[in-house]
Structure formats: structure tokens, C-alpha cells
There are 4 protein chains.
Amino acid sequence: MSLTVTVWNENVHEQEEPAVAERYPDGIHGAIADFLAEAGHDAQTATLQEPAHGLDAETVAETDVLVWWSHAANHEVDDEVADRVVDAVLDGMGFIPLHSGKNSKPFKRLMGTSCDIKYRHGGETERLWVVDPGHPIADGLDDHFEIPETEMYGEPYMVPEPDRLVFTSWFEGGEVFRSGCCYHRGRGDIFAFRPGHEEYPIFYQDEVQTVIENAVEWAAPNEGASATHGQSEPLEDYE
Amino acid sequence: MSLTVTVWNENVHEQEEPAVAERYPDGIHGAIADFLAEAGHDAQTATLQEPAHGLDAETVAETDVLVWWSHAANHEVDDEVADRVVDAVLDGMGFIPLHSGKNSKPFKRLMGTSCDIKYRHGGETERLWVVDPGHPIADGLDDHFEIPETEMYGEPYMVPEPDRLVFTSWFEGGEVFRSGCCYHRGRGDIFAFRPGHEEYPIFYQDEVQTVIENAVEWAAPNEGASATHGQSEPLEDYE
Amino acid sequence: MSLTVTVWNENVHEQEEPAVAERYPDGIHGAIADFLAEAGHDAQTATLQEPAHGLDAETVAETDVLVWWSHAANHEVDDEVADRVVDAVLDGMGFIPLHSGKNSKPFKRLMGTSCDIKYRHGGETERLWVVDPGHPIADGLDDHFEIPETEMYGEPYMVPEPDRLVFTSWFEGGEVFRSGCCYHRGRGDIFAFRPGHEEYPIFYQDEVQTVIENAVEWAAPNEGASATHGQSEPLEDYE
Amino acid sequence: MSLTVTVWNENVHEQEEPAVAERYPDGIHGAIADFLAEAGHDAQTATLQEPAHGLDAETVAETDVLVWWSHAANHEVDDEVADRVVDAVLDGMGFIPLHSGKNSKPFKRLMGTSCDIKYRHGGETERLWVVDPGHPIADGLDDHFEIPETEMYGEPYMVPEPDRLVFTSWFEGGEVFRSGCCYHRGRGDIFAFRPGHEEYPIFYQDEVQTVIENAVEWAAPNEGASATHGQSEPLEDYE
């Protein structure tokens, strides 16, 4: 299955922090698009700095799955662009917010909740446990994998109860987190995946790439049934 | 359990349509507040026309459960007031949108979806079937009840899959509808109940009053656990 | 995607009622296997009367998706065979009980509930509404379709809240029913589909064939993650 | 709210291991019944060794909520008694399996899955995080609490996706576990709570007592709607 995947990145840390620029010379978006292209997808990138953040109506319309990385500039995303993303998801586009993408306008609007968490920049180990081993997003994984150094996210994570919870993280500092959450909204599938702090080479890690590749396939749009709304004629006679 | 219940109504049809004014001389809000007061609650009303639509910060803060009727003026609700309601729900206030309240700003923001439906003004019969007979919102009902004449709402209803579905409606004209949907968002409980078109004496009907009384009790806030968010110290040592 | 699909049928009505035998000369199982084979699957059949009901360990092990029709002889299914089916589903085999298959031992064991319903043999019209138009089981359908004559099933249907509800039925006699229910149990996907009474040519109907073909693809096993259980060594040192 | 609570215990370790007998001189059942009685409930006990395991039809019929501790003797529970418990839950009785009660016949039958886990007897620390701070079972708790020494249970826990997940545990040895899972089956509410290994004084711990007291209130039966099943007359005329 070859999909049109747009990898969106705010692309701010890469501009401002040399260590991040060195780690991700083509940006986090470039690194993700690379392995998705290798997996056979038509992977393009878009960033905050482009006109319409690179998410004009045409681009969004042709996108099967939108992968989204954001952090420092979540509030700088234009409301109109955020609504365009939300509408596209409700119309069937897959949506995969990574890391602080859980604070992005599109994700928060789709969830309807604050998406608040605990966090700590400590370079500690995260161990992601597969709690739903039959889920296709876990295809090919062992029953857990580790990210040697990362930022911590901790519960309570203020999101709606996931439709299916795929991963739960253990942190060295003592917290847990629901780190892989599936949602269905409108016609679209959403997978919020926790890892991806810019200070660590997380998107070069095999298991992380496997999860994102699996999630892209899982979130691909399908045809579905037609749906009509608004004023409707009766299908049965009544007096 | 005596709760502080605020019954909010846009109160537009009552001002503009003599038949509605005659049916509900104290407004739909007045009719609902009446039977909730009889059930032992401290039931107050608020309407669109009041300052802050009657939903200033203090009123919302002291409200345990907000019952909401709206239709023609959904778009006239101030964004700030809508956000105040959303935040209060996330903080634990119960929320019971009735009828076209499913198109209200607070409900749509909490759901994150379009909430689109089919509809028809035809005065046809609706039969609400209890599909979850063990749910407390169904306490004291038979396995179905009828509304002799009403507007039709039809599927597909574009909301997130309910946490629990209590009622499904059969319509004389041939449609079905998920007419009693439970959601939990943040700390708050939400029950979206379909009936309540202003052209019919629906809020005087025993079963409808029973459902709303049950829903108010079900949606009452509880203490819950404390929750801290933001930067956090580790609970375990790590190097 | 070509799958190994086993279509199981108790094959009782076909033996005992000439009208059913005439309608389904190769049995209901034969009719279903025919259109699944045409859709490109390796579709085989199995019936109650065969040794181990045609569901010996080898057959079950090689089956990707098991389609199941049963009614009169639900209680005659051997407990060991029922457990073999349950275990295979928990291990990833798709399972699609049709019609009274909702009363089969495997389905009831997987659900843990009584699966009770209302019913009526009246030859009335059923209209199935798609309530989740983005679900792949609804691919290619209009927003509803009708079965001109069928048996009625009515709520409350005593099953766990479905993970996703795809169809809800309207019946001419006044009832509703959750007629397409998705469940995930262990590693397996289950889709309980209501239609299929033996007295009507339902399995020759285009929309019914489309739904079953879609459901077979949806329920196909995936690789998943490995999972180990039982006594486990610690992954972190502690004193 | 004063409820009739039956605390069932297999009462095997107390008979065979002096350390357990010394820790729980009245049995684990006695310790639990004590704090539930103090909370105002009519708390009675029942054990494996009694006729019908103390769960005869009359006792079960009058029980509002059944708290269940079992481990070594799960397989010794009579099938008929297990079915009686299952039927009572489906009919509205609350059910709270503790610790290895997740392997009991009634819980496994209600879930329909293997309920398999990882485990380790290591006396390590468990930290239970509240992931749903608005849930009434978490009333009065901080956002986490610790059990200083306990047995480890680890994912993947092979149960259906909980309706609501209240607690997730962090273990010193590196695992996580969904340690407080809510289910609704038939008319009954089920709360599976992980803690309670017999080798530690867990049932004397304040937070554990709070959770069990909250769960008992949460799982109390309600009136619900009437429900009829079986052959039904039409509610609408059709030809």
C-alpha cells in the first residue's frame, strides 16, 4: 500500500538549536519522510514557515495520512489551517501527532480536552510496553522496547479514553503514560504517539520507525459508506 | 441528593412563536427547572438574553449540572461563554445538551466532530428503545417509550462513539438515531438526549422528565483524585 | 488480500425444510463460500455433521477468518470444538457470527453475556442504517440498505457495548437493533452481523455480500507483537 | 448508602501459611469485611470451604456487591457456583475481583479472554497512578499511591479493553500494568483491582481501603429499565 503522506514539522528547534540541527540535518520532518519513503510511500514534508504552513487546501486534500511534530510553536499555527486539518481528519485523512503534537491545535480540537500531562526534561529511560499485542500498530515488535534517553510524560493525561490503547510507558523516574492512543473521529483515524523529543535521536530508532510506519498504514483512509445529512424525505408513509 | 442545576435555554422560539410561548409560558427552561425543583434540586435558569447569557463565572462555578436547550441561536452564543462551559465540564460539571443542543458550541467543542444529522419536521412518532437497561439514566423506565409527535433526527450522527449508548430511537418515517449518548471528558460527564422539539409538549411527558432527572443525578460531580500537571520532580533516583 | 476463510454452518434447516433446501441447494455455507471465493479468497466450508464439526485443530489453525451460521443446533456444538474456536479467536483468527450465530457457544463465551434479544417471525422489512460511515465494513454502501423480508431482532440486545457499532436496524414492526457490532478479544477481531434468516434469500443480496466480504478483510489476522506471560525476570535492578 | 456486601475468599493461604494467618487472623475476607462494615455496609463473608462456597442462591440474591479474593484454588470453585455469580452480575450485582481474582472462573467467564499476565514474586514497590482522576473510584486519592512491597503483574494483560481505566501501575522491576479496570456486563458493574498479594499487609493500607470502599459504592446495583426478551408482538401494523 503506497500512500501520500505529509510529514509536518514546526521546524523551530532545528533553526534555533545547533545540536538539534546537527542531529536532524534535514529536520525532524526530513528524517521521518526518509524512512516513510523507504517504506514505499509518497512522503512529502511541510513546515510552519511555508505559506499556509505548507498545508494549503490542495495539499491537505491529496494527503492520505498527516504525520505531525510540534512543540514550541503550537500556538503559532493559524486557526484556519488547524480547522482545515480537523475537517480533513473528520473526512477521512489519517492523523498521527507525535510527542508535543498532543498540544497542537488540531489534536486538541479533535479531542475536546486539555491534553495536559506531567513532564520532565531529564534524559531518563522510557520503556514502552505493548498492552494490545494484536493491534496492527504493534506488528513486528517485541512485547516492549526502550528509548534510552528521553523527556518524561506522566499521567494523568487529560484525553478522552482511547478507543484502543496500544502502548503504555514506564519511566525511570517513576511515572507511567498512555503512550500510544487510537481514536476514531468522523471518518478519520488518529494515533497519538508519545516519543520524539528533539534532543535525542529517537526518530532514527528502529522500533520507533516501525511504529510510525505501521500507524501510517493503519490510519490510511478507506472508502466508507456514503452519508447524507440535513433535511430528509421519509422512507415510510405515515399520516 | 440535592444538586445545583442550571437550566440554560436560548429562549428564542418562546419570544417569536406564540404557539411555543403558549405551550411553555415560563419558557422551556422554566418547564424543566420546575420538575427538577420538584425532584428536590436547587434548579435555576439562565438564558441567552441575560448578561453573559446568565452564565457568568460565578454561576458556572456553583453549578453541579448544566442542562442546555438551544436551536436557532447556537451561533449567537459568545465564544468566551462557550469556553467557560467547556472548561467547567472538563473540571467536573455535568452537562446535558437536549435536542439541538447537540449543535451548541460547548457540545461540539467537547466532541471535536461535526455532530451532523438528518432531520425532518413532520410530527411523526419516535419510539425510544432502552439499549442499556442497566444504566442508571434508564432507572424506572419500561424497555421503550414513545413521543407521539416530534421532529425526526437520523443517522449517521457524526459524534465520537459514545462511552455508553442508553437509547436508540425508531422513527415512523423509517430512520433510527442514537438518542441517548454518554460521554466522559476531563472530569465531567455528558449526556446528550435527543428529544425536545419546541413545537410539541415533550418536556411535560413523564418519561422525558424521568430521563432528565436520572441524567442530572448521573452527571453530578464527584470528588475524584487530585491531579497535578506540568514540570514534575522524579519519584525515583536515576543517574 | 486472499485469505483462508472457513464458512461454518450447522446445516440443519437445509436438511429438514424443503423450502430452505431449494433456496440454498449447496446450503447457506455453500452460498456464502461461493461469493467469498469469487472475491478471491480460499473459501472452504464445514458443517455440524462432519467429524469435529469440520473444525479439527488443523482446519482451525489454517483458518484466517471463520464465518459462522447457526440457529437450531447451537446447543449441539461440542464444547471442545467451541473452546477451540474461542482459543483461535483469542490467538488472532477473525470471527463473523451471522444471525443466530449470536447464540452460538463461541460467541457467547467470547462475550461473557447472555446475548438475549427480542424476535418475531413476521417477514417484515429491515432497514440497516450505517451509523459509522467511515468504518471499512461499510465500504461501498449507501447510508442504508433494506432487507425486504426477514425475522425481527429487537433490543435490548444483551452484549457488551461494542467497540464500534457499524449498523443499526429499523424494523417495520417498530423495533431497533444494533445489527453490526465490532469487538476485539485477545488478538482477534469479531463482527456480529444480524441478517441471515434461512427463510429468505438474504445471502444472495448484494449489500449483504458486500458487508460480509468487507468484514472478512477487516477481521483478517495481523502479525502483532510478541507477548510473553508467566513468571518474568526484572528489567531493572532493585534491592 | 448502606449495601449488602459479600466478601468471598478462597481462604487457603491463611490455612496453610502461618505468616499469612498471622497477618490476617480473620482471613483476608475478615480484614476486608471489617473496613467495609466500618464504612457503614452490611458486610458478610463467605469462603471456599463452606457449603456452596458460602454462595448459595439466597446469599447471592441478597448481595449488592461481591468482593472476591482468590489465587491458589481458582480451579476448585464449583462450576455451578461460578455460573451463579456470573448470572447475578449480569442481573445487576456488583463484582470486584481482587488480585488473582482476575483468574477466577466468574471473572474469566465474564471477560471471555485468558486474562493472562506476567508476574514476579519479588517484594518490589508498586506505584499506582490515577489515569482517570474524575472517576468516583478515585475519590479522595492523590494522583498516585505506593504499595511498598508486592508481587508484580505485567502487561500484556489479556482482557477486553476496559470501559474505563482508573489506575495504571509502575513497578520497580520495570513493568507496567492496568491495575484498575472497569467493565459493564449485562446490568452489572465490574471493577478488577490488581493489589492484594497475601504476603503483604496490603488490605490494611489506607489507599487500598479507600479504593475498595469507593468501588463498592460505584458497583452498587441500580433499578434500571425493565427488559423483555423472546418472541414479541409488533408495535406497528404492517401487511
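**Entry 1: the axis.** The model I'm looking at is predicted, so local features need pLDDT of at least 70 and side-chain atom pairs count only at pLDDT 80 or more, while totals for chains, interfaces and linings use all residues. Residues are numbered from 1 along each chain as its sequence is written, and chains are lettered from A and ligands numbered from 1 in the order in which they are written.

**Entry 2: where B meets A.** I looked up contacts, which means C-beta atoms, placed from the backbone, within 7 Å. Here 36 residues of chain B touch 36 residues of chain A. Helices (H or I, at least four residues) and strands (E, at least two) are DSSP runs numbered from the N terminus. On the chain B side, α6 (105-111), β5 (118-130), β8 (176-185) and β10 (230-231) each supply at least two residues. β5(B) has the largest share, with five residues.

I sorted that side by class and got 12 nonpolar, 14 polar and 10 charged residues. (Ala, Val, Leu, Ile, Met, Phe, Trp, Tyr, Cys and Pro are nonpolar; Asp, Glu, Lys and Arg are charged; the others, Gly among them, are polar.) 100% of the interface residues of chain B are also interface residues in chain A, so the copies meet through the same surface.

I also found strands pairing across the chains, and pairing takes at least two DSSP bridges. β10 (230-231) of chain A runs parallel to β5(B), joined by two bridges. In that pair, G230(A) sits opposite K118(B).

**Entry 3: where C meets B.** Here 17 residues of chain C are in contact with 17 residues of chain B. On the chain C side, β5 (118-130), β7 (164-171) and β8 (176-185) give two or more residues each. β7(C) gives the most, four residues. By class I have eight nonpolar, two polar and seven charged residues.

Entry 4: I checked the peptide bond between E155(B) and P156(B), and it is cis, with omega about 0 degrees. P156(B) lies in the loop between β6 (144-154) and β7 (164-171) of chain B. In chain C the bond from E155(C) to P156(C) is cis too, omega near 0 degrees.

N11(B) has a positive phi of about 60 degrees, though it is not a glycine. I found N11(B) in the loop between β1 (4-9) and α1 (13-16) of chain B. Is N11(B) buried or exposed? Buried, with 23 C-beta neighbours inside 10 Å. (Buried takes 20 or more other C-beta atoms within 10 Å, exposed 12 or fewer, partly exposed in between; C-beta atoms are placed from the backbone.)

C115(B) also isn't a glycine and has a positive phi of about 60 degrees. C115(B) sits in the loop between α6 and β5 of chain B, and is buried, with 20 other C-beta atoms within 10 Å.

**Entry 5: one chain overall.** I counted up chain A: seven helices and 10 strands. Of its 239 residues, 59% count as buried.

Technical notes. Two residues are in contact if their C-beta atoms, placed from the backbone, lie within 7 Å.
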